[in-house]
Amino acid sequence: MGQSLHSRAAAAILMFLLQPALADTVTAPPRLHLSSEWMALGHYHQKNSAQGFKSQADDNAFFLSADGKTSPRAELAATLVAIQQPGNGDEHTRCKFPARSQWLEKELNLNLPSANCPAFRQWQSELNTQTVTLVFAASYLNSPASMFGHTFLRLDPPRDDHKTNLLLTSTISYAADADPKDGGLMFTYRGISGGYTGVTTVQPYYQKIRLYSDIEHRDLWEYQLNLTQSEVDRMTAHAWEIQDKNFDYYFFDENCAYRLLALIDVARPGTDLLHEVNTHAIPSDTVRWVIDKNLIDNVEYRASAATAVSHSLDSLSSQQQLIASALANGYLQPDSPELTALNETDRAAVLDATYDYVRYQSEAGGWPRELAAPLSHSLLRERSTLNAGYPPPPPEPAVRDDQGHDTFRLSLGGGRTEVGGSSRSFSQLTFRPAYHDLLDPPEGYRPGAQLQFLRLDARYYTDNDELQLEKLTAVEIRSISSRNRFFTPLSWQVSFGGRRTDTGRERVLAPYLDGGAGGSWRIASNTQAFALATADLEIDDDLGRGYDAAPGADLGLLHQTPRFSLLAGVKTKAWIISSQHRQDQLYSKASWHLGREFSVFAEFNREDHFNRMQNTWQAGLHAYF
């Protein structure tokens, strides 16, 4: 007995002495914390070599070291110690940070026992992900959060057969945790200034389709990534690590698209997609970067409900559209003589298009169910009596959103202003970091949509060697959407910034805010006419009362084709506060598109202001990059 006690005591002392020695054998190489994999897992960034590293994660629960936010070395050391601790269960570090743990085990050849992580295993089992698809939802001007489009990831299960229902698959998206009471301006301000926390959410795909496609009329592009199974598993494991962690949300850079690039960087080390981001991460740009890195297997198009309905209605003749409109509005019944006089194929096409329109209006247009349901039933009942095929789905656009022009634009031009008998020549440089205007190449962008941020126009006058800031556009949004007998969208515009304005004595740079609303009508293929009621506000000490305001009107034509764009019209304003007078303007702007990289532009403006007639013309070149 005494000898046995002595033996157990000796063994215990030996184990105690050996424990530190075993721990010491598992140390990280000196520069492992600088590896691209660890940088991606910790979301570390270094603005320049003079500054240290800093993680973009803004949640203490994301770090195991007190210095983990700014020290990737300390965080790696703390993680290495934590994953070697005995124990199991959901609260163990290996279960809370499975992607970190698995990477360290592989890099250091750790021989750790398998971890029992029931919550994480159940989560991965429910996701059942074999492939990942990057989904791009087209831009939507009526929502500040979606003006540039939106991206999210769809986690696809094994496709055993054609019956696999992708609508039930899960998606991962990142967005600002905004207060629903925040309006558009508040959202824009807080989004730009980092006033929101970003949240990662997992939702079924059908909920995304209902929001983007059915309600917001946004087409979806689905880009299947060519990730291997191990890369997919690493992505979902890291998504588990960050799904309930805070990351500050910024409208221009650390946004939905940026955070998804970070996930892809984790999944496939070395892609370095985040290094493509300079000043901003626009979703369509990020899709281009993913394509350029050869990460895409195939692309599929999913038309929105509005696109599908418009396609069905556009396939009808003018007379058939009139009948469909009368059916939808209750002026005709499905068995009316006007409809039964058509042949069976045409009658089926009218009934199908009318049913699609009524269903769309009940989903997105707010038609009451008591109106839409019986009408839909009567249309379907009549349609069931016909032995005609159903119309094909909308065709895929020839140019995808990611195949449009790049969003940076640099313009160089020259021109002349003429007032009375005098004239001044100038050179003009324009820089616009984002995004698109009505005269840019239209392919890949919404027709009639314009969204510009932080555009700067500077002029150099050659007669006196004077350099002037002509205009600084903070935000400019225009939506010129044509109306027809089925859809009556409002055309509108708003912009603010600083611009050169004539006070009657001199041209000064004054802050401005202007807006307008009205309608637009298609008058020919690719051409629409618009009429807007406008309102302008300018603020400057050189104005009589320090500010001035002008109601007015803008009547014009917009023509957009892949090769040529034209915007022309007349504007009139009546300044009513500081100096009561009219300002009338005739304008014409045109661009000839040389592919997606360049456009040649020409502009002419004739203005009657303070009883002076001024002509201004200029021409130059736009470069997109």
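These legends accompany several close-up views of a predicted model.

Local features need pLDDT of at least 70 and side-chain atom pairs count only at pLDDT 80 or more, while totals for chains, interfaces and linings use all residues. Residues are numbered from 1 along each chain as its sequence is written, and side-chain values use heavy atoms, with hydrogens and water left out.

**View 1. The whole protein chain, to get your bearings.**
The C-alpha trace of the protein chain spans about 115 × 80 × 40 Å along its principal axes. Its secondary structure comes to 16 helices and 22 strands; both are DSSP runs numbered from the N terminus, with helices (H or I) of at least four residues and strands (E) of at least two. The protein chain has 625 residues, and 49% of them count as buried. Here, buried means under 20% relative accessible area, exposed means over 50%, and partly exposed lies in between (1.4 Å probe, protein chains only).

Let's start with α12 (residues 305–314) and α15 (residues 344–364), whose axes come within 9 Å and cross at roughly 150 degrees. The axes are lines fitted to C-alpha atoms, for helices over the stretch in contact, and the angles run from 0 to 180 degrees between N-to-C directions. α12 and α15 are therefore roughly antiparallel to each other. For these labels, angles under 35 degrees count as roughly parallel, over 145 as roughly antiparallel, 65 to 115 as roughly perpendicular, and the rest as oblique. The crossing of α12 and α15 is left-handed, a term used if the near helix is turned anticlockwise from the far one by less than a right angle; if clockwise, the crossing is right-handed. Now follow α15 to helix α16 (residues 369–383): the two pack at an angle of about 160 degrees, with axes 10 Å apart. That angle makes α15 roughly antiparallel to α16. The crossing of α15 and α16 is left-handed.

A salt bridge is a side-chain nitrogen of Lys or Arg within 4 Å of a carboxyl oxygen of Asp or Glu. D352 and R383 are both buried. The structure holds 34 salt bridges.

R455 and D457 form a salt bridge, with their closest N and O atoms 3.0 Å apart. Both residues are buried. They also belong to a network of salt bridges that links R409, R432, D437, D440, R455 and D457. Elsewhere in the model, R259 pairs with E254 in a salt bridge whose closest N and O atoms are 3.3 Å apart. R259 counts as buried at 2% relative accessibility, and E254 is buried with a relative accessible area of 14%.

**View 2. Helices α6 and α9.**
Helix α6 (residues 118–127) and helix α9 (residues 229–242) have axes that come within 11 Å and cross at roughly 125 degrees. α6 and α9 are therefore oblique to each other. The crossing of α6 and α9 is right-handed.

**View 3. A nonpolar surface patch.**
L410, L412, L429, F431 and F625 make a nonpolar surface patch of about 460 Å². Such patches are made of residues with over 30% relative accessible area and no salt bridge, joining nonpolar side chains (Val, Leu, Ile, Met, Phe, Trp, Tyr) within 5 Å, or like charges within 9 Å. Accessible areas come from the Shrake-Rupley method with a 1.4 Å probe, and for residues only the protein chains shown count as cover. Strands β10 (409–419) and β11 (422–432) each supply at least two residues of the patch. L410 sits in β10 and counts as partly exposed at 37% relative accessibility.

A77 is found in helix α3 (residues 72–83) and is partly exposed, with a relative accessible area of 40%. D584 lies in strand β20 (residues 581–594) and counts as partly exposed at 23% relative accessibility. D584 and E466 are 118 residues apart in sequence and 27 Å apart in space, C-alpha to C-alpha.
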